[in-house]
Amino acid sequence: MLIKFFPLTDIEFVSVKIENFILPINLNVRKLDLTIYQINMIMIVNLSCYMKYNKVLITGGLGFLGYHCVERWLEDDCEITVVDNLSSNAVNKDNLIYDQVSVIEDNILNLDVKDFSKFDIILHLASPVGPVGVLKHSGTMGKTIIDTTQWAIDVSRKNKMPLIYISTSEIYGYREQKTKLKETDDKILHGDFTVRNEYSISKLLAEIIIKNNSKIDKDFKFQIIRPFNVTGKYQLPDGGFVLPRFVNQALNDEDITVYYDGSQLRAFTWVKDIVEGIYLTTKASEEYWNEIWNIGNENNEKSIKYLAEKVIGYTKSNSKIVSVDPVEIHGELFAEAPEKIPDSTKIRSFLNWEPKKSADEVVLEVVNYFEGITNK
Ligand SMILES: NC(=O)c1ccc[n+]([C@@H]2O[C@H](COP(=O)([O-])OP(=O)(O)OC[C@H]3O[C@@H](n4cnc5c(N)ncnc54)[C@H](O)[C@@H]3O)[C@@H](O)[C@H]2O)c1
């Protein structure tokens, strides 16, 4: 039996989720009532209480990570509003036909901050993304990332709702050798003015702006999330993400194109593990707010070549693995990612985050997903 307690200082009501009890039910109960429920049900139910956000705003909610966030918050029976301009969406409105979800198809920058006063929390994911996806935003991406983040800050501060900002592990920059990265590690700017740097430095600047807003506004609450190599169901090959690209190549018996010699290491982390980490930060007790959190599974460290071999194994494809120069394919603006492995000690020890899927299991999930689409 798991019973979790969170400080209840600034909320009058808590939500109690009772599972395994004839039917799962959610109750909103007063602090004092909890004791009674605990006494009555302690032997027969799995009881967990948590701060509940009834109205959740998710920017980029039709994107890969955003859609998984919608699915996670739906488990809490929240009312969710998604804003997405369909610039790189992984799913569309039809995937979200739930009574409690509404979708605004627009650029957040076209929307008036004043119209978003009714929410309890904002998850800001809308952004250009992906090693190939960012290339078309070259030269304008810095402004886009900062303007959209400022919009999210304004919504959050004006309406006193916490902001969850989805940053990136890219902000750590370049390392000569494989390094396990902690939240406090230096950010190393390397090389020239690559598009990859435009992305990573803008995301870092957005983090700094968020942090500094909290210095001038004591009511402003935020969490900054740095996901590492997210992958899983719904991720598209379009943005240049490696696993969906390999799986599609394998299913079509095309060559699997590995950049350079394929020895690059990545810590592939299951998207639902990342989303669970994001979720836990929103439930953190007061002393764990206004923090930065690495989320990535260091135990899933694999080379790109290993990934290609696994994909061939699971798809039983006749594809061959061939080494290519990505710059010849994507042009001079392309830059390969440096090796980054997370040190996720902080979220594991303070928020009890525990990733569930191994790299092989994630590969299998993505293979099954695309096989399902292909066989339709
Ligand atoms: N996928 C990864 O491996 C990864 C890793 C680290 C960080 N991130 C971060 O996670 C977030 C989500 O990434 P993703 O992989 O789900 O990308 P995605 O492209 O699948 O999702 C982003 C969504 O935002 C929407 N969008 C973009 N600009 C918008 C705007 N101005 N107004 C409204 N909607 C807009 C897009 O249409 C898309 O649906 C991004 O902030 C990204 O920087 C992703």
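The legends below describe close-up views of one predicted model.

Residues are numbered from 1 along each chain as its sequence is written. Because the model is predicted, local features need pLDDT of at least 70, side-chain atom pairs count only at pLDDT 80 or more, and totals for chains, interfaces and linings use all residues.

**View 1. The whole chain.** The chain holds 10 helices and 18 strands. Both are DSSP runs numbered from the N terminus: helices are H or I with at least four residues, and strands are E with at least two. Of its 376 residues, 40% count as buried. A residue is buried if 20 or more other C-beta atoms lie within 10 Å of its own, exposed if 12 or fewer do, and partly exposed in between, with C-beta atoms placed from the backbone. Among contacts between residues at least 6 apart in sequence, 77% join residues at least 24 apart. Two residues are in contact if their C-beta atoms, placed from the backbone, lie within 7 Å.

**View 2. Helix α2 against helix α6.** Helix α2 (residues 64-74) and helix α6 (residues 271-282) pack at an angle of about 60°, with their axes 10 Å apart. Axes are lines fitted to C-alpha atoms, for helices over the stretch in contact, and angles run from 0 to 180 degrees between N-to-C directions. The angle makes α2 oblique to α6. Angles under 35 degrees count as roughly parallel, over 145 as roughly antiparallel, 65 to 115 as roughly perpendicular and the rest as oblique. The crossing of α2 and α6 is right-handed; this term applies if the near helix is turned clockwise from the far one by less than a right angle, and left-handed if anticlockwise. From α2 the contact takes F64, L65, H68, C69 and R72, and from α6 it takes V271, K272, I274, V275, I278 and Y279. These residues divide into eight nonpolar, one polar and two charged. Ala, Val, Leu, Ile, Met, Phe, Trp, Tyr, Cys and Pro count as nonpolar, Asp, Glu, Lys and Arg as charged, and the others, Gly among them, as polar.

**View 3. Helix α3 against helix α4.** Here α3 and helix α4 (residues 195-216) pack at an angle of about 25°, and their axes are 9 Å apart. That makes α3 roughly parallel to α4. The crossing is right-handed. Among the contact residues are I145, I146 and R157 of α3 and E198, K203 and L205 of α4. The contact comprises nine nonpolar, four polar and three charged residues.

**View 4. T144 in helix α3.** T144 is found in helix α3 (residues 141-159). T144 counts as partly exposed because it has 17 C-beta neighbours inside 10 Å. Not counting residues up to four places away in sequence, T144 touches P128 and H137. L109 is 35 residues from T144 in sequence, and the two are 9.2 Å apart in space, C-alpha to C-alpha.

**View 5. The surroundings of the ligand.** The ligand is surrounded by 28 residues, the closest being G60, G63, S88, A126 and S127. The largest share, three residues, comes from α2. The shell divides into 14 nonpolar, 13 polar and one charged.

Methods: A residue is near a molecule or strand if its C-beta atom, placed from the backbone, lies within 6 Å of it.
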